[in-house]
Amino acid sequence: MAGEDIESIDARDARDNDSLLADDDIIGFDEDEDDVDEDDLDDDSDEDDDDEDDDFIEDASDEDIDLVMAAYREDGEAVVQSLSNELANDLDELINQLRRLPGDSGAIGAVSIAGEFFVLVRVRGRNVEVLLSDSFSANDWPIARDVADFLGVDAPEDEDDSEALGDLEIFADLGLSEMDLESLADDTDEADADEIVAEIFDRLKFGAQFKRALAGRDH
C-alpha cells in the first residue's frame with residue numbers, strides 16, 4: 001500500500017512538471033526572441049549614434065575665425081576690444097562675456113567666420129538681441145547653429161533660401177536702421193563678412209577704435 005502511494009505521488013509530480021512546461025509555452029518563452037530583441041537594441045543604439053554624428057559640427061579653427069570683437073561706451077567714450085577665439089564657437093559664453101563689460105547702454109559683440117557670415121549680439125541687462133547674417137551657415141558652423149537655436153529657427157536645407165535671422169532692429173536706436181542692416185547683411189555675397197562688420201562698427205561710431213583693436217589682434 002505504501003508502494004502504491006509513492007507511485008501516485010511520483011505520477012502527480014510528473015503531471016505538475018508537465019503543467020509548468022505548458023505554462024512556459026503559453027507565455028511565449030523563446031530564446032530566439034531574446035536574441036532578436038538584443039539585436040534590435042543594438043540597431044537602435046547605432047541609429048542614435050548616427051543621429052548624433054549628423055548633428056555634430058566641428059568648431060571653427062583659429063584660421064577660420066576672422067574676428068571676435070566687443071564694443072561699448074563707458075562714460076561716453078567708445079571702447080572696442082578683441083575677445084578670445086573660443087567665444088567664436090559658443091554663443092552662450094559670448095553673451096556671458098558681454099554681460100561683464102561696463103557699457104553705459106549695454107555691450108555689442110561681433111563674430112566673423114571665414115569671410116562667409118557674421119553674428120552680432122547686443123546685451124543690455126537681461127535683454128539679449130542677436131543677428132545672423134546667413135541662416136544657411138547654421139548647417140556648418142557652431143555659433144551660427146547656436147543663433148538659430150536661440151531664435152528657435154531651423155536652418156534652411158537649400159542655400160538659395162538663406163536669409164538674415166534675428167533682430168534687424170538691434171541698432172535702430174543707435175542710428176542704424178533695420179533696412180540698412182538688412183542691406184549690409186545681404187552684402188556678404190559681394191564682400192567679406194569681416195569687412196561688413198567693420199562697416200557696421202563705423203556706422204555705430206566705433207570705427208577708429210575697431211581698426212585699432214583689429215590691428216592689435218592681427219599682431
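Which residue just after α4 takes a positive phi? I looked this up in the predicted model and found G152, with a phi of about 70°.

**Entry 1: helix α4**

I stayed with α4, which spans residues 142-151. I listed its buried residues as P142, I143, A144, V147 and A148. An α-helix has 3.6 residues a turn, so residues three or four places apart point the same way. I then asked what covers the buried residues of α4. The cover includes α3 (91-99) together with β3, β4 and β5.

**Entry 2: the chain as a whole**

I counted seven helices and six strands in the chain. Read along the sequence, I noted the pattern α-α-β-β-α-β-β-β-α-β-α-α-α. The chain has 219 residues, and 35% of them count as buried. I also checked the contacts with a separation of 6 or more: residues 24 or more positions apart account for 61% of them.

**Entry 3: the sheet**

In what order do the six strands lie in the sheet? I read the order as β2-β1-β3-β4-β5-β6, in an open sheet with antiparallel pairing. I recorded β2 (77-82) and β6 as the edge strands, each of which pairs on one side only. Helix α7, residues 207-217, packs on this sheet and touches β1 (65-74) and β2. I noted that the direction of α7 makes about 140° with that of β1.

I followed the pairing from β3 onward. Strand β3 (residues 107-113) runs antiparallel to β4, and seven bridges join the two. For S112, I found F118 as the bridge partner in β4.

Strand β4 covers residues 117-124 and pairs with β5 in the antiparallel sense, over six bridges. Here I found R124 bridged to N127 in β5. These two strands form a hairpin with two residues between them. In that turn, I noted a positive phi of about 65° for G125.

Is β5 mostly covered or mostly uncovered? I found the strand, residues 127-132, mostly covered, with five of its six residues buried. Its other pairing that I looked up is with β6 (residues 165-166), antiparallel and over two bridges. In this pair, L131 stands opposite G166 of β6.

**Entry 4: positive phi outside glycine**

The phi of D75 is positive, near 55°. I located D75 in the loop between β1 and β2. Is D75 buried or exposed? D75 counts as exposed because its relative accessibility is 71%, and the cut-off for that class is over 50%.

A114 also has a positive phi, of about 55°. I placed A114 in the loop between β3 and β4.

**Entry 5: the largest pocket**

Rolling a probe the size of a water molecule over the atoms shows where empty space is left. What volume does the largest pocket have? I noted about 290 Å³. Its lining comprises 15 residues, of which D134, E159, S162, T188 and D189 are the closest to the centre.

Technical notes:
Residues numbered from 1 in each chain as written. Predicted model: local features only at pLDDT ≥ 70, side-chain atom pairs only at ≥ 80, totals over all residues. Heavy atoms only, no water. Buried < 20%, exposed > 50% of the residue type's maximum accessible area, 1.4 Å probe, protein only. Helix = DSSP H or I, 4+ residues; strand = E, 2+ residues; numbered from the N terminus. Pairing = 2+ DSSP bridges. 1 Å grid on protein atoms, 1.4 Å probe; cavity = no way out; pocket = protein on both sides within 12 Å on 5 of 7 lines; lining within 4 Å. Points joined across faces, edges and corners; volume = space filled by probe spheres on them. Contact = heavy atoms within 4.5 Å. Axes fitted to C-alpha atoms, helices over the stretch in contact; angles between N-to-C directions.
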